[in-house]
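Look at the fold and then at the ligand site. How is the one built, and what lines the other?

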Amino acid sequence: MNASRVPVVAGNWKMNATNPEAVALARDLMAALGPAPPCEIVLCPPFTALTEVSLLLGGTALRLGGQNLHPESKGAFTGEVSGDMLRSAGCSHVIVGHSERRRLFGESDELVAKKARAALAAGLIPIVCVGETLDEREQDETARVVERQLEAAVLALPPDALAHVLVAYEPVWAIGTGRTATPAQAQEVHALLRAKLGEGFGEGGRRVRILYGGSVTAKNAADLLAEADVDGALVGGASLEAQGFAAIARATRAGSPR
Ligand code: PEP
């Protein structure tokens, strides 16, 4: 972590939590995090629970995010949700290009790029996910893959958008597998992404916060967050348990003099 970048921890609840469960989890998280959370926090419940969770979070420092959006702002797209809808449900953020969307729903780099632009147009902060599969890592293609994904969705944005973008490096082989990248593996890719952002946009690019995601837990968070270019975490499974998620958020303090 670097003291000049405010750490952020986001919880991706995926397709978990009915509305009563989501409210209970949000309440537990608020209690576990206390009135002054240790870092920026973004909770990403399923669409159906956004409004209820938003009502709970109102007036707190906790932020709300969607897990996906459609690139169009409205129209005949049955089952889809737009950026404006997410905003009206209380969201400030939205995850785009999650590997589960890329892999299970066939999202291309081009679609992810459109979604990132649609998020910004709706006034949302996109959390743009990039990451290689195990196969790609074993073929030594990690750098090529994450650079291609970054180029499509982030490097093509206008420079003034950068202050409103988060990037998440999520090696696909580490998501939901219990297998985490080592701090050194995470740092290597984060440093590469930061260098690319710097090449594209100068200092503004280097300031973009880059989160690590992939089986982050209360146990491994501090070591990952201690790396110079790891600015926070995107947490899946461990975000469904309040005490563990709060411990991950507190681990941002260990890595930074804040
Ligand atoms: C994720 O879904 O973004 C994620 C990182 O999941 P997990 O923490 O469960 O690996």
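The text below goes from the strands to the ligand.

This is a predicted model: local features need pLDDT of at least 70, side-chain atom pairs count only at pLDDT 80 or more, and totals for chains, interfaces and linings use all residues. Residues are numbered from 1 along each chain as its sequence is written, and side-chain values use heavy atoms, without hydrogens or water.

Start with the barrel. Eight strands close it in the order E1-E2-E3-E4-E5-E6-E7-E8, and the pairing is parallel. Strands are DSSP runs of E, at least two residues, and helices are runs of H or I, at least four, numbered from the N terminus. Two strands pair if DSSP finds at least two bridges between them. From one strand to the next, the twist averages 25 degrees. Angles run from 0 to 180 degrees between N-to-C directions, with axes fitted to C-alpha atoms, for helices over the stretch in contact.

Now take one pair. E5 (residues 125-130) and E6 (residues 166-169) are joined in parallel by four bridges. Ile 127 has Leu 166 as its bridge partner in E6. Helix H8 (residues 183-201) packs on the sheet and touches E5, E6 and E7 (209-213). Contact here means heavy atoms within 4.5 Å. The direction of H8 makes about 150 degrees with that of E7.

Turn to the ligand. Polar contacts are N or O pairs within 3.5 Å. The side chain of Lys 14 places a polar atom 2.7 Å from a ligand oxygen. For Glu 170, the side-chain distance to a ligand oxygen is 2.7 Å. For Asn 12, it is 3.3 Å.

Note on methods: A polar contact is a pair of N or O atoms within 3.5 Å; within protein, one must be able to donate a hydrogen and the other to accept it, and residues adjacent in sequence count only if both atoms are side-chain atoms.
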